[in-house]
Amino acid sequence: LTSVVFIFFNPFIDVMFNVMGDNQYAHYRDYVLTSSMGANVTRIIIAAIPLLLAYIGRFRLRKFWPESDYIVNMSMINFIFMLFAGYNWIFARFSIYFGLYNFLLLPRLIKHVFYRQSIIIMHLLLIVCYTAFFYYENVISLRIIYRSSYLNF
């Protein structure tokens, strides 16, 4: 269903707003259909990485953490919203709620899916990659410069 909606995004949005009728959200129809500002592709890829790792290690993950399906499903919902955010940034707001499940999933994936020898390397790689991603997203892409009165570097 998600892939069909993703492919036929504009007709789906049109039908969705027709079903909703004239309410306080009706003015969003033109905004969603005409605005072409979507989320950065890097954010969509970052949302997909935990799902890819969970799929690769799904048998080991279920063996050591039987409740993992709930967290993986919530992470998948986050990825779906990020796919739609590629069309319009308004959908990226849902990642505030569902993106947190990636932060729950990643440490468990590293702990249960990877071998004991590579766990420390994976934790360091996770920290380095997320730091680089957040630096890219905030400083390079959004041009947010943080100035501190206490830290001068």
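**Contacts, burial and a helix pair**

User: Which residues does S95 touch, not counting residues up to four places away in sequence?

Analyst: Glad you asked! This is a predicted model, where local features need pLDDT of at least 70, side-chain atom pairs count only at pLDDT 80 or more, and totals for chains, interfaces and linings use all residues. Residues are numbered from 1 along each chain as its sequence is written, and side-chain values use heavy atoms, leaving out hydrogens and water. With contact meaning heavy atoms within 4.5 Å, S95 touches R43, N78, M82 and L100.

User: Is S95 buried or exposed?

Analyst: S95 lies in helix α7, residues 95-98 (helices are DSSP runs of H or I, at least four residues, numbered from the N terminus). Its relative accessible area is 14%, where buried means under 20%, exposed over 50% and partly exposed in between, with a 1.4 Å probe and protein chains only. S95 is therefore buried.

User: What separates the C-alpha atoms of F94 and N78?

Analyst: F94 sits in the loop between α6 (68-85) and α7, and is partly exposed at 34% relative accessible area. F94 and N78 are 16 residues apart along the chain, yet their C-alpha atoms are separated by 7.2 Å.

User: How are α4 and α9 oriented to each other?

Analyst: The axes of α4 (41-56) and α9 (119-141) come within 11 Å and cross at roughly 155 degrees; axes are lines fitted to C-alpha atoms over the stretch in contact, and angles run from 0 to 180 degrees between N-to-C directions. Angles over 145 degrees count as roughly antiparallel. So α4 and α9 are roughly antiparallel.

Technical notes
Helices (H or I, at least four residues) and strands (E, at least two) are DSSP runs, numbered from the N terminus. Angles under 35 degrees count as roughly parallel, over 145 as roughly antiparallel, 65 to 115 as roughly perpendicular and the rest as oblique.
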